[in-house]
Each structure stands twice: as C-alpha cells, then as structure tokens.
Amino acid sequence: MTNLDGPILVTGARGNIGSRVAKALAATGHAVRASARDLTGLAVPEGAEAVALDLTDPSGAAAALDGVRTVFLYPTRGDLGDFLEAAVKAGVEHAVLLSSPAAYDPVEHAGPIGAAHQAAEAAVRESGLAHTVLYPSWLGSNVFRDWAAQVRAGRVSIAFPEWRINPIHLGDVAEVAADLLTRTQFRGRSLVITGPESLSQREVVAAIAAELGRPVEVEELTREQALAGRPEWFPEAMFDSLLGVAANLGDTPATVNNNVERVLGRPARTFAQWLHDERAAFELE
Ligand SMILES: NC(=O)c1ccc[n+]([C@@H]2O[C@H](COP(=O)([O-])OP(=O)(O)OC[C@H]3O[C@@H](n4cnc5c(N)ncnc54)[C@H](OP(=O)(O)O)[C@@H]3O)[C@@H](O)[C@H]2O)c1
C-alpha cells in the first residue's frame with residue numbers, strides 16, 4: 001500500500017540529506033513540500049513547493065502541514081512537541097525520523113549527540129505519530145565537512161586513524177528514506193542502514209587520494225591535539241564524545257549490513273563511488 005495523498009513534507013530540505021530526499025521523491029513523481037527555516041536561496045526540485053518552517057516554532061506548522069500525510073523529519077535540537085502535536089491534528093499518518101547510531105551506540109548513547117537524538121526519538125514516540133526511525137551510518141559527506149581544506153593542502157590530521165567506519169552514500173540514504181515515505185513495506189520501529197564496507201579513517205583518506213589522483217598524507221594526532229584543533233563550529237563536548245567513541249572502538253571492524261540492498265533491490269554504493277560522484281565538493285571553500 002502506498003500513501004500518496006497530498007504532498008510529502010520534507011523538513012531540513014536545504015541539508016545534505018533533506019535536499020537529496022526531496023530530489024529522490026520528485027524524481028519518482030511524488031509531490032514534495034520542502035521546508036527550511038529561511039527560504040532565501042533554497043533550491044527545490046522542479047514542481048516542489050517551498051515553505052518556511054522552524055520545527056521548534058509551531059507558528060509555521062499549520063501552513064506547512066496542510067494536506068500532508070507523510071513527513072520526513074530532521075532530528076533538530078530543541079522542542080519538537082508542538083510541531084508533532086500539530087502534525088497529529090493535521091492528519092499526518094507517518095513520519096520518517098532521521099536519527100543517528102549515536103542514539104544507540106554503547107558509549108555515545110549517553111553522550112551529547114546520543115542524547116539529542118534520543119530526545120527527538122522520544123518526542124516522536126510520545127506524540128503517538130506512527131513513524132520509522134532511520135539510522136544511517138557514517139555519512140560520506142563527513143569527509144567534506146571535516147577534511148576538505150586539509151585535503152586541498154595535501155595532509156589530513158586525525159586522531160585514531162585506525163578507527164573503522166562504514167561510510168554511506170547520501171544518495172542511498174535519500175532513496176531509502178523516499179521508500180519509507182512512499183511505501184509501507186519496510187516501515188517499522190527502526191531501520192539501520194550502512195555503507196557496504198568497513199574502512200579505517202586511514203583507508204578513507206587513501207581512497208580520497210586515489211580519486212583525486214594526488215597524494216594526501218595522514219598525520220596522526222593524539223586525542224588532546226585533536227581536541228585542541230577542533231573546528232570552531234563543532235561543540236567541544238560533541239567533538240570529545242566522538243573521539244571517545246573512536247578510542248573505545250579501536251580497530252574493531254565497523255558494522256556493515258545489507259539493508260540498503262534489501263530495501264532498494266540493489267547493493268549500497270561504495271565509498272569510492274561516493275567520492276567519484278561528489279569529488280567537486282573538495283574544491284569548494
Ligand atoms: N555525521 C554523520 O555521520 C551522521 C550519521 C548518522 C546520522 N546523522 C544525522 O544527520 C544529520 C546531518 O544531516 P545533514 O548532513 O543533512 O545536515 P545538514 O546538511 O547540516 O542540514 C541540517 C538541516 O537541519 C535543518 N534544521 C536545523 N534546525 C532546524 C529547525 N529548528 N527547524 C527546521 N529545520 C532545522 C536545517 O534547516 P535550515 O535550512 O532551516 O537551516 C538543515 O536543512 C546529523 O545532525 C545527524 O542528526 C549524521
């Protein structure tokens with residue numbers, strides 16, 4: 001059974017994941033209402049509506065939810081309660097909540113990233129809205145967020161280079177989300193999806209160098225050095241907590257599953273494919 005009544009509301013539509021979810025839905029012929037807090041410069045797929053919405057400020061909820069039965073929900077920090085109450089009242093039948101493995105990781109679940117995601121999950125659960133929590137693994141976009149400038153300079157400085165991660169192609173995250181939003185078959189309490197390989201951070205940097213065709217060195221930092229060099233935008237407690245996860249895991253292989261293939265009927269795309277598809281992002285300042 002599909003739920004195609006009215007537009008699908010995609011929150012976080014400016015984001016790496018939300019923009020791709022909107023695109024994946026539009027590409028398969030679904031009506032999309034894309035939201036951002038500020039619509040300035042928001043690019044939406046052809047034919048999609050754009051609506052201003054702050055998930056922590058219910059004043060925009062009624063307009064955003066009018067006629068909507070399905071919502072892609074970004075796990076924003078802050079109180080989602082009023083928005084969710086408005087969604088239930090408006091007749092929303094199912095939400096797909098983006099979450100993070102931090103919500104269940106044995107170390108991080110009690111840390112700041114885990115706690116924020118658990119709070120979003122609890123808010124959705126307590127609203128009574130039927131939902132599926134989507135847990136993508138380590139996002140391929142992290143390499144641009146964390147390392148683009150260092151890659152351009154030819155040297156990436158990292159603590160725990162043997163920490164193994166399971167990078168996922170954001171196109172796969174978006175297509176799985178679009179499936180959950182438009183078909184009932186794989187809906188449930190939660191869905192953990194991963195990339196197809198367990199790679200150490202050192203191997204990830206080697207893959208970047210191979211894609212770009214130029215050397216990129218790895219400089220190993222101590223945990224203290226990494227913390228001291230933390231990017232300004234990354235809250236210290238969160239950064240330290242992630243270092244704690246890496247320290248705790250050592251070189252244990254990252255968990256890999258085939259849930260992308262089970263949902264989409266084709267294998268998850270590799271990290272090399274992600275780099276190839278998105279390599280231009282390394283050139284952006
Ligand atoms: N990094 C990882 O490896 C990893 C792994 C698993 C899951 N995740 C999850 O994925 C998220 C990152 O996704 P992404 O890369 O798509 O993020 P992103 O590109 O940074 O985009 C963040 C989006 O959140 C929206 N947003 C923030 N606060 C909001 C609010 N109060 N109301 C409405 N929208 C709000 C922003 O909307 P505006 O346009 O209004 O600013 C923006 O579209 C992480 O925060 C985490 O929850 C991350």
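The model is a predicted one, where local features need pLDDT of at least 70, side-chain atom pairs count only at pLDDT 80 or more, and totals for chains, interfaces and linings use all residues. Residues are numbered from 1 along each chain as its sequence is written, and side-chain values use heavy atoms, with hydrogens and water left out.

Now to the rings. Rings of Phe, Tyr and Trp (its six-membered ring) pair if their centres lie within 6.5 Å; planes under 30 degrees apart are stacked, over 60 edge-to-face, and the rest tilted. That rule gives five aromatic pairs. One of them joins Phe144 and Trp274: the planes sit at 40° with the ring centres 5.9 Å apart, so this pair is tilted. Phe144 belongs to helix α5 (residues 142-153) and Trp274 to helix α11 (residues 271-278), so the pair links parts of the chain 130 residues apart; helices here are DSSP runs (H or I, at least four residues), numbered from the N terminus. Trp274 is buried at 1% relative accessibility, and Phe144 is buried too, at 14%.

Phe144 also pairs with Phe282, this time edge-to-face, with 70° between the planes and 4.7 Å centre to centre. Here helix α5 is linked to the segment after α11, which holds Phe282, 138 residues from Phe144. Together, Phe144, Trp274 and Phe282 make up one aromatic cluster.

Note on methods:
Helices (H or I, at least four residues) and strands (E, at least two) are DSSP runs, numbered from the N terminus. Buried means under 20% relative accessible area, exposed over 50%, partly exposed in between (1.4 Å probe, protein chains only).
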